[in-house]
Amino acid sequence: MATTAPPANPVLDGFRKSIDNIDAALIHMLAERFRITQAVGEYKAKTQLPPADPNREARQIERLRKLAIDADLDPEFSEKFIRFVIDEVIRHHRKARGE
């Protein structure tokens, strides 16, 4: 039995188009961020620096929590998100060192 498509909803379609554009921008920003952190990882490996910098990570998390509050975004969510990104970056840095 075939199902029929729901009727067009221009308001919802407009919202979804904006969400799709934002998602695309997020992917491009993450890709650029990881290109830069890859260069950092290679530099750290070459100069014998540790792959992680817990002091910088703590400062970044605190800074981004404040930004989240100012932007009316849940700071717990923002911390979980950036922690996920930081953990992935550290994994890449360890890989660059051959660990």
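**Figure 1. Ala25 sits in helix H1.** This close-up comes from a predicted model. Ala25 has a relative accessibility of 34%. Ala25 therefore counts as partly exposed, because that class lies between the buried limit of 20% and the exposed limit of 50%. Along the chain, Ala25 and Arg83 are 58 residues apart. Their C-alpha atoms are separated by 20 Å.

**Figure 2. The largest pocket is lined from helices H1, H2 and H3.** Its volume is about 440 Å³. The lining holds 16 residues. Closest to the pocket centre are Leu26, Leu64, Leu73, Phe81 and Ile82. Helix H1 spans 10–46, helix H2 spans 54–70 and helix H3 spans 75–96. Each of these helices supplies at least two lining residues. By class, the lining has 12 nonpolar, two polar and two charged residues.

**Figure 3. The second largest pocket is lined by 14 residues.** Arg33, Thr37, Arg56, Val89 and His93 lie nearest its centre. H1, H2 and H3 are the elements that give two or more residues to this lining. The pocket has a volume of about 280 Å³. Its lining divides into six nonpolar, three polar and five charged residues.

**Figure 4. His93 is a buried residue of helix H3.** The relative accessibility of His93 is 4%. That value is under 20%, so His93 counts as buried. Residues up to four places away in sequence are left out of its contact list. With those set aside, His93 touches Thr37, Val40, Gly41, Lys44 and Pro51. His93 is also among the residues nearest the centre of the second largest pocket, and so is its contact partner Thr37.

**Figure 5. Helices H2 and H3 pack at an angle of about 145°.** Their axes are 9 Å apart. The crossing is right-handed. On the H2 side, the contact is made by Glu57, Ile61, Leu64, Arg65, Ala68 and Ile69. On the H3 side, the residues are Pro75, Glu76, Ser78, Glu79, Ile82, Arg83, Ile86 and Ile90. By class, the contact has eight nonpolar, one polar and five charged residues. Leu64 and Ile82 take part in this contact and are also among the residues closest to the centre of the largest pocket.

**Figure 6. Glu57 of helix H2 is buried.** Glu57 has a relative accessible area of 12%. This is under 20%, so Glu57 falls in the buried class. Neighbours within four places in sequence are left aside in what follows. Glu57 is then in contact with Ala52, Arg83, Ile86 and Ile90. Arg83, Ile86 and Ile90 belong to the H3 side of the H2 and H3 contact.

**Figure 7. Gln48 lies in the loop between H1 and H2.** Gln48 is not a glycine, yet its phi is positive, at about 60°. The relative accessibility of Gln48 is 64%. With a value over 50%, Gln48 therefore counts as exposed.

**Figure 8. Asp72 lies in the loop between H2 and H3.** Phi of Asp72 is near 60°. The value is positive, in a residue other than glycine. Asp72 has a relative accessibility of 75%. That is over 50%, so Asp72 counts as exposed.

Methods: Residues are numbered from 1 along each chain as its sequence is written. This is a predicted model: local features need pLDDT of at least 70, side-chain atom pairs count only at pLDDT 80 or more; totals for chains, interfaces and linings use all residues. Side-chain values use heavy atoms; hydrogens and water are left out. On a 1 Å grid over the protein atoms alone, a cavity is a set of points where a 1.4 Å probe fits but cannot get out, and a pocket is an open set with protein on both sides within 12 Å along at least five of seven lines; lining residues have an atom within 4 Å of a point. Grid points are joined across faces, edges and corners, and a volume is the space filled by probe spheres set on the points. Helices (H or I, at least four residues) and strands (E, at least two) are DSSP runs, numbered from the N terminus. Ala, Val, Leu, Ile, Met, Phe, Trp, Tyr, Cys and Pro count as nonpolar, Asp, Glu, Lys and Arg as charged, and the others, Gly among them, as polar. Axes are lines fitted to C-alpha atoms, for helices over the stretch in contact, and angles run from 0 to 180 degrees between N-to-C directions. A crossing is left-handed if the near helix is turned anticlockwise from the far one by less than a right angle, and right-handed if clockwise. Contact means heavy atoms within 4.5 Å. Buried means under 20% relative accessible area, exposed over 50%, partly exposed in between (1.4 Å probe, protein chains only).
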